[in-house]
Structure formats: structure tokens, C-alpha cells
Amino acid sequence: MINPTHEISDSLLTDLYQFTMAYGYWKAGKAEQEAVFNLYFRKHPFGGGFTIACGLSSVIEYLNSYTFQDSDLDYLGTLTGSDGQPLFDKDFLVYLQNMSFQCDIEAVPEGTVVFPNEPMLRIRGPILQCQLLETPLLNLLNFESLVATKAARMRLVAPQDSLLEFGLRRAQGPDGGMTASRAAYVGGFDATSNVSAGKRYGIPVKGTHAHSWVMSFDSELEAFQTYAQYLPANTTLLVDTYNTIQGIKHAILVGNELRKRGHDLAGIRLDSGDLAYLSIEARQLLDAAGFDQTAIVASNDLDEYIIQSLKLQGAKINVWGVGTKLVTAFDQPALGGVFKLAAIRQPDGSWYYTLKLSEQTLKISTPGIQQVRRYFDANGFVADMIYNQENMPESSATMIDPYDFTRQRQFDSSFAWEDLLQPIFKQGIPCYTSPSIHEVRARVQQQLANLHPGIKRLVNPHTYPVGLEAKLFDLKTELILKLREAK
Ligand SMILES: Nc1ncnc2c1ncn2[C@@H]1O[C@H](COP(=O)(O)OP(=O)(O)OP(=O)(O)O)[C@@H](O)[C@H]1O
Ligand SMILES: O=P(O)(O)OC[C@H]1O[C@H](OP(=O)(O)OP(=O)(O)O)[C@H](O)[C@@H]1O
Ligand SMILES: O=C(O)c1cccnc1
């Protein structure tokens with residue numbers, strides 16, 4: 001049985017190794033040791049130059065009901081190791097039963113443009129709790145951010161057009177379909193064909209009709225007439241079932257009949273063939289018949305590259321129906337968000353900063369209680385500087401490229417800035433008022449308007465500068481040197 005309401009309140013929705021580590025922390029007396037983890041990704045999806053942060057409202061919803069049900073604990077109690085013995089002591093299950101979410105969470109608001117290596121979310125609290133949450137936090141933020149980014153790329157190439165998400169049938173299960181519909185709207189789509197997403201998220205729902213409608217009648221004309229008779233206010237006719245040009249002519253006939261009844265032909269839809277050629281022909285036929293306001297909808301395996309190409313070819317399409325390539329994030333099915341331990345509290349109250357070494361410089365994590373300071377000027381965003389909140393930047397700060405220390409920038413007090421991570425939970429208590437989905441969607445466009453066009457190029461975009469504040473850079477370098485020696 002699928003979960004049609006798409007509720008996410010499952011505290012077992014994590015990897016087993018989070019529970020085995022949690023158990024280990026508990027046994028070792030470390031369960032409540034304060035830790036800080038940063039959630040970030042290393043590379044933009046789709047070879048692009050920006051990513052849209054999305055999924056925070058799902059995170060909030062998830063954490064608001066983060067408790068273990070008796071049946072969850074019963075199930076954990078049945079798990080055994082390779083020796084056949086229970087994995088977890090009963091007392092550990094009691095600990096989980098009595099546990100309440102106690103962490104601080106800071107995160108960038110949904111709809112913010114974000115860049116590699118900067119935290120989208122930071123969690124601070126008992127290490128056992130942070131650890132259990134690694135998997136659901138990544139699950140909730142990775143996919144929504146990915147689809148919102150894909151949608152935003154399509155919006156960029158069709159700024160004035162209507163974008164409809166048609167993906168539910170091709171989505172990764174019901175949950176993937178719901179999440180994708182939400183993220184597509186946030187990223188800039190205007191409506192979805194997914195009625196459940198319309199109800200749940202307040203997204204406009206729109207649609208045309210399928211080939212089956214036409215095929216179920218003796219003739220295309222009769223199919224169009226019948227549709228217009230019963231749905232005169234929603235008459236967008238799919239014209240390519242048999243012969244597209246003939247289909248357009250049939251639609252015009254029906255349009256004239258609709259006008260006599262005080263309605264109009266809202267649109268025609270093309271779903272096969274050369275969409276540039278056919279849309280130009282359709283526009284001419286429609287205009288010549290006085291239907292210059294009738295929309296031309298196109299669908300058929302569209303993505304941002306095909307939409308861009310069709311526009312360059314002069315296609316007369318003003319509504320785009322996009323399914324598969326959007327909701328599956330077809331050319332990059334996952335955003336590689338990661339969750340890394342960055343600091344752990346010592347018994348003397350000081351922070352012990354942590355770092356994961358790697359042969360690949362790109363994969364070396366960054367320590368610190370990280371915050372992102374975004375500098376901007378009259379032209380938009382200038383750079384993002386990651387700093388350690390325990391060692392605040394001076395009013396004149398130096399930002400260093402973590403991969404080439406010779407590249408440095410100075411930000412004096414003449415620059416405006418804002419810190420991106422906002423408090424979402426304080427010691428487990430929610431402290432953030434989520435904006436509406438419509439406000440989040442508007443934020444995406446405001447954010448993109450602040451990016452240089454080169455950063456928004458679909459292919460080989462310019463890289464937006466992200467660096468480390470000098471004291472954090474020094475901390476990281478010091479740690480790398482120490483760990484390379486010691487381990
Ligand atoms: N003028 C065009 N320029 C670039 N791409 C186009 C153009 N017209 C259509 N396309 C795209 O080319 C692909 C055509 O795929 P395909 O050949 O499978 O479709 P079709 O045969 O026309 O339709 P179907 O197989 O659905 O009946 C689709 O992704 C479509 O969006
Ligand atoms: O192409 P997408 O971007 O995924 O958009 C959704 C597709 O779903 C419908 O097709 P249908 O399921 O009837 O199959 P089809 O591919 O044969 O048209 C519709 O006609 C679109 O072509
Ligand atoms: O309404 C439509 O035209 C539609 C909906 C889902 C998939 N394809 C098309």
C-alpha cells in the first residue's frame with residue numbers, strides 16, 4: 001500500500017549503520033557529547049553553475065515528529081548480529097524511547113542559490129542524534145534541491161513562457177513524484193498535472209487530454225467536439241494523434257464552435273514530430289483563423305537543452321509540458337550532498353575540530369561551526385565566504401580559495417553582506433516560520449537575478465567564488481598538516 005498523503009514521520013528512515021554507531025556512542029558514554037555536522041555538496045548538478053536549496057520544509061516536517069514508536073523499538077529489538085545475538089541492549093531501546101530531539105539546526109532558506117562546499121544545513125547537538133539524522137537529512141535535501149535546480153534551468157531558457165510539470169507517471173515512485181512536483185514548482189514551474197501535489201502543496205494544477213481520448217472516438221473531429229462540449233473552459237486539444245496539420249485544422253473548427261458558445265480555444269498541444277516546424281505552422285494557421293491568443297503547448301521528452309534549441313529555431317511554443325527529464329533529473333539522478341563531522345566538544349568545554357583527509361583535495365572536509373557570509377554589491381552577489389562562528393571575521397575579512405591559497409580577496413566594510421544560515425531549531429524547538437511555497441518560488445527568481453549571466457549558462461558556466469575566511473583557512477591547513485603526520 002502506498003502512502004498517498006506523503007507523510008514523512010518515520011524515525012527508522014535511516015541507514016542501519018547510523019543505529020549501530022548510535023549504539024556504540026551510547027555504550028561508550030559519548031551519546032550526549034555535543035557535535036557539529038555540516039551538510040554540503042561538492043559539485044553542482046547538470047554541469048551547471050548554481051544549485052537551488054530546496055527541501056527544508058520537508059526537514060522541518062520530519063523533525064517535528066521525530067520520535068520512536070513502540071513498533072519501531074520492537075523492530076530494532078529483533079535485529080541480530082552475525083552471531084545471531086540481538087544487536088542492541090534493551091536499555092538502549094529504552095534510551096531511544098525516552099529521547100527527544102534536542103539539536104540546533106541552522107540552514108539556508110529554501111529557494112536560496114547555493115554553491116559547492118558551503119553548508120546548506122548545520123546541525124549541532126548530541127552526537128547520537130546528529131548521527132541518526134545524517135541519512136534522512138541528506139535524503140530530504142538532495143533530491144528536492146536537484147529537481148528544483150533542474151526546473152530553474154528550464155525556467156532560465158523560457159523566462160516568459162508557461163512551464164507545466166507532467167512527470168508523475170515517470171517519477172521514482174509516488175514519493176518521488178510528490179517531491180518532484182513540489183520542487184519543480186519551487187524551481188520556477190507554473191503548474192503540475194499531479195492533482196495530489198496540487199492539494200497537498202497548493203500548487204496550481206493544469207492539463208490537456210491524452211491520445212486515448214481521440215482514439216476512443218470514430219474521428220478526431222468528433223473527439224475534439226465532444227471535449228469542447230463538456231469542458232469548454234479547459235479546451236486545449238492534442239492535435240498529433242493522426243496528422244498534426246489536419247489536427248490543427250480540426251481544432252480551429254472546434255474553436256469557432258466554442259466562440260459561438262461564448263468560449264474560446266485555449267490551446268493546442270503538439271506531442272511528436274518536429275516541434276519547431278509544427279509550432280510555426282500551427283501559429284500561422286491559428287493566427288490566420290483569428291486564434292492569435294490560442295496557446296501552443298509542446299511536450300515530448302523535453303529538457304532545458306531542447307527547449308533552448310527550439311527557441312533558437314524560432315519555435316512558436318509558449319507552453320512547455322515537461323515530465324521525465326525533469327522529475328527524474330534525467331542527466332544527473334542524484335545530488336552528491338554529504339554530511340561531515342566538523343567539531344566535537346571536549347570535556348573542558350573547548351571544541352575539538354575534525355577533518356576528513358582524502359587523497360583528493362576536493363574531498364577533504366572543512367572543520368568549524370560553519371556559517372556562510374554572502375557579499376553583494378549593486379550588481380548582485382559577489383562571493384560567498386565560509387567562516388567559523390567561533391572565530392568571527394573582522395570587519396575587513398580576507399577570503400582564501402581553498403584550492404589555491406594565492407587567490408585571495410579582501411572584503412572591507414564597504415561591502416554589504418548577509419549570513420545565509422538561519423536558525424531553524426534551537427535545542428529541538430522549532431524557531432523558524434517557513435515562507436509559503438509561493439514565496440519560496442519567488443525567492444528562487446530573486447536569487448537568480450543576483451547572479452552574473454555567465455554563472456547561469458547551461459554549459460561551461462563561470463564559477464562563482466566561494467572561499468574560506470582566512471582564520472578558517474589556517475585552521476584547516478593546520479589540521480591537514482597535523483593529521484597527515486599523525487595518522
Ligand atoms: N525541432 C526540434 N529540434 C530539436 N529537438 C526536437 C525538435 N523537435 C522535436 N524534438 C525533440 O526530439 C525528440 C524526438 O523524439 P522522437 O523522434 O522519439 O519523437 P517522435 O517520433 O517525434 O514522437 P513519438 O515517438 O513520441 O511519436 C524529442 O525529445 C523532441 O522533444
Ligand atoms: O515526455 P515527457 O517529458 O515525459 O512528458 C510527459 C509525456 O507523457 C505523455 O505521454 P505518454 O505517456 O502518452 O507517452 P508518449 O511518450 O507515447 O507520448 C505526454 O504526452 C508527454 O509526452
Ligand atoms: O495534461 C497533459 O497534457 C499531460 C499530463 C501528464 C502527462 N502528459 C500530458
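These are my notebook entries on a predicted model of one protein chain with its ligands.

**Ground rules.** I number residues from 1 along each chain as its sequence is written, and I letter chains from A and number ligands from 1 in the order in which they are written. As the model is predicted, local features need pLDDT of at least 70 and side-chain atom pairs count only at pLDDT 80 or more, while totals for chains, interfaces and linings use all residues.

**Overall look.** I found 15 helices and 21 strands in it. Helices (H or I, at least four residues) and strands (E, at least two) are DSSP runs, numbered from the N terminus. Of the 487 residues, 44% are buried. My cut-offs count C-beta atoms placed from the backbone: buried is 20 or more others within 10 Å of a residue's own, exposed is 12 or fewer, and partly exposed is in between. I also looked at contacts, meaning pairs of residues whose C-beta atoms, placed from the backbone, lie within 7 Å. Among those between residues at least 6 apart in sequence, 72% join residues at least 24 apart.

An unreviewed entry lists "domain: Nicotinate phosphoribosyltransferase N-terminal" at residues 12-142. That span is 42% helix and 17% strand, with its end C-alpha atoms 19 Å apart. The record, again unreviewed, puts "domain: Nicotinate phosphoribosyltransferase C-terminal" at residues 370-476. Here I get 19% helix and 42% strand, and the end C-alpha atoms are 12 Å apart.

**The parallel sheet.** Next I traced an open sheet of six strands, in the order β7-β6-β11-β10-β9-β8 with parallel pairing. Two strands pair if DSSP finds at least two bridges between them. At the edges I have β7 (191-192) and β8 (236-238), each of which pairs on one side only. I followed β6 (residues 162-165) to β7 and found two bridges in the parallel sense, with E165 opposite T192 in β7.

For the shells, I call a residue near a molecule if its C-beta atom, placed from the backbone, lies within 6 Å of it. I counted 14 residues around ligand 2, the closest being F166, D271, S299, G323 and T324. Both β11 (319-322) and α13 (324-327) supply at least two residues of this shell. By class I see four nonpolar, five polar and five charged residues. I take Ala, Val, Leu, Ile, Met, Phe, Trp, Tyr, Cys and Pro as nonpolar, Asp, Glu, Lys and Arg as charged, and the others, Gly among them, as polar. Around ligand 3 I listed F166, S193, G207, T208, R269, S299, G321 and G323. The class count there is one nonpolar, six polar and one charged.

**Ligand 1 and helix α12.** The shell of ligand 1 is S272, G273, D274, L275, A276, N300, D301, L302, I306, S309, L310 and Q313. I sorted it into five nonpolar, five polar and two charged residues. Its largest share, three residues, comes from α12. I then looked at α12 (residues 304-312) itself, where E304, I307 and L310 are buried. Seen down the axis, these fall within an arc of 130° (taken from the directions from the helix axis to the C-beta atoms), so they line one face of α12. Their cover includes α5 (127-157), α11 (275-288) and β11. Just after α12, I noted G314 with a positive phi of about 80°.

**Helix α4.** Which residues of α4 (residues 90-98) are buried? I found F92, L93 and L96. They fall within an arc of 100° down the axis of α4, so they line one face of the helix. A reminder to myself: an α-helix has 3.6 residues a turn, so residues three or four places apart point the same way. On the other side of α4, K90, D91, V94 and N98 are exposed. The cover over the buried residues of α4 includes α1 (16-27) and α3 (70-78).

**Strand β19.** My last stop was β19 (residues 422-426), which runs antiparallel to β3 (residues 104-107) and is joined to it by three bridges. A107 stands opposite Q422. Two bridges also join β19 to β20 (residues 429-430), again antiparallel, and K426 has I429 as its bridge partner. The hairpin of β19 and β20 has two residues between the strands, and Q427 takes a positive phi near 45° there.

Note on methods. UniProt positions renumbered as here; feature names shortened; annotations may be inferred. Contact = placed C-beta atoms within 7 Å.
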